[in-house]
Amino acid sequence: MRKHKKSNPILTIINWLLILAILICLSFAAYFYLTKSNSQTSNSQMSSQTSSQATESSSSSQDQTTSDDSQVDWIKQDTTVKFPILMYHAIHVMAAEESANANLIVDPTTFESEIKALVDAGYYFLSPEEAYKVLTENVLPNGNNKIVWLTFDDSLWDFYSNAYPIMKKYGVKATSFAITGYVQNSTTGYYTPEQMLEMESNRMSIESHTVNHPDLEVSSSDSQASEMSNSDDYLQSTLNKDVIAIAYPAGRYSDTTLSLAANNYSLGVTTNEGLASADNGLLSLNRVRILPTTTAESLLQQIAN
Ligand SMILES: [Zn+2]
């Protein structure tokens, strides 16, 4: 039989303490390694996003810093605030067979020059909620009278593919009025529910343009009410937010439309030409139509207050 050596209890304690110390060192090392590789992953994700944003233009111009909206100081004004709500539809290079709709199509290069001109001129881009604040409280952000609300009707595919990347590049906010029946069914030619969610979490606001884009002015009260409330319900539940604005399809509405719209919305935009102010009525706001022939220079002249 082998004789067992009695171990020294002090040496045993020292051994255990050493093992414990090594384990603590190892876990710290593992923690720092993981943290570092995580931040590298998110950095590389960010840079791949930035490069995909810049696909529209090969220029090396840096992305504009996104303004921090929480820093805005809203200053009360003595005179009624008026501001441009720009109305766009399609943003793509027009094909020859589209000439009948030519007035609704703006070239992406022209569009980018307009956004750049607005940013360079110091315009503040409003969300629907900020537009509501301006109209109801008669305030301006940091007292800046250069404010603009960018709006796009019809939830077209090119809002996601062409307009959104440009606006992301310049860090500006915009609103898309969605025909919810087309989006919900992923109809060809319109952005999808997934694209809508992605944009909503990247400074785009998706608001209502009814379910099926009917002429509300000649629709029955029941049909108007369901077109307006069903699109509101779909957007609220899909986007998990309070939808506050509607654009009337083709700018067509009646007094009945306005009183029904008030059940679901706080703001309504029309195709009536001009700067918007509370004097229009919150549910019948003017907009400024952007034509394919509009240039960055003519736009700035047109909306100068
Ligand atoms: Zn429309």
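The zinc ion is coordinated at 2.0 to 2.1 Å by Asp154 (OD), His209 (NE2) and His213 (NE2). Donors are N, O and S atoms within 2.8 Å of the metal (3.2 Å for Na, K and Ca), and water is not among the atoms, so sites may look incomplete. Along the chain, the donors of the zinc ion follow the spacing D-x54-H-x3-H. The structure is a predicted model, in which local features need pLDDT of at least 70 and side-chain atom pairs count only at pLDDT 80 or more, while totals for chains, interfaces and linings use all residues. Residues are numbered from 1 along each chain as its sequence is written, and side-chain values use heavy atoms, with hydrogens and water left out.

Burial was assigned from relative accessible area, with buried meaning under 20%, exposed over 50% and partly exposed in between (1.4 Å probe, protein chains only). Histidine 209 counts as buried because its relative accessibility is 0%, whereas histidine 213, at 28%, counts as partly exposed. Of the 305 residues of the protein chain, 42% count as buried.

The protein chain has nine helices and 12 strands. Residues 24 or more positions apart account for 69% of the contacts in the protein chain with a separation of 6 or more, a contact meaning heavy atoms within 4.5 Å.

Helix α4 comprises 14 residues (157-170); at 1.5 Å a residue it should span 20 Å, and its end C-alpha atoms are 20 Å apart, which agrees. The expected span is 1.5 Å times one less than the number of residues. At alanine 163, α4 bends by about 40°, and proline 165 follows within four residues. The bend is the angle between axes fitted to the seven residues ending at a residue and the seven starting there. Of the 14 residues of α4, 11 are buried, including Phe159, Ala163, Pro165 and Met167. Glycine 171, with a positive phi near 65°, follows the helix.

The largest nonpolar core has 47 residues, and Leu86, Tyr88, Phe111, Leu150, Phe152, Met167 and Tyr191 have the most contacts inside it. The largest share of this core, seven residues, comes from α4. Apart from it lies another core of 20 residues, among them Val72, Phe83, Trp149 and Ala247. A nonpolar core is a set of buried Ala, Val, Leu, Ile, Met, Phe, Trp, Tyr and Cys residues joined through side-chain atoms within 4.5 Å. Phenylalanine 152, leaving aside neighbours within four places in sequence, is in contact with residues including Tyr88, Phe111, Phe159, Ala163 and Met167.

Arginine 287 lies in strand β12 (residues 285-289) and, at 0% relative accessibility, counts as buried. The side chains of arginine 287 and threonine 151 are joined by a polar contact of 3.0 Å. Such a contact is a pair of N or O atoms within 3.5 Å; within protein, one must be able to donate a hydrogen and the other to accept it, and residues adjacent in sequence count only if both atoms are side-chain atoms. A polar atom of the arginine 287 side chain also lies 2.7 Å from the backbone oxygen of threonine 270.

Serine 186, although not a glycine, has a positive phi of about 50°. Serine 186 is found in the loop between α5 (180-184) and α6 (193-200).

How values were computed. Helix = DSSP H or I, 4+ residues; strand = E, 2+ residues; numbered from the N terminus.
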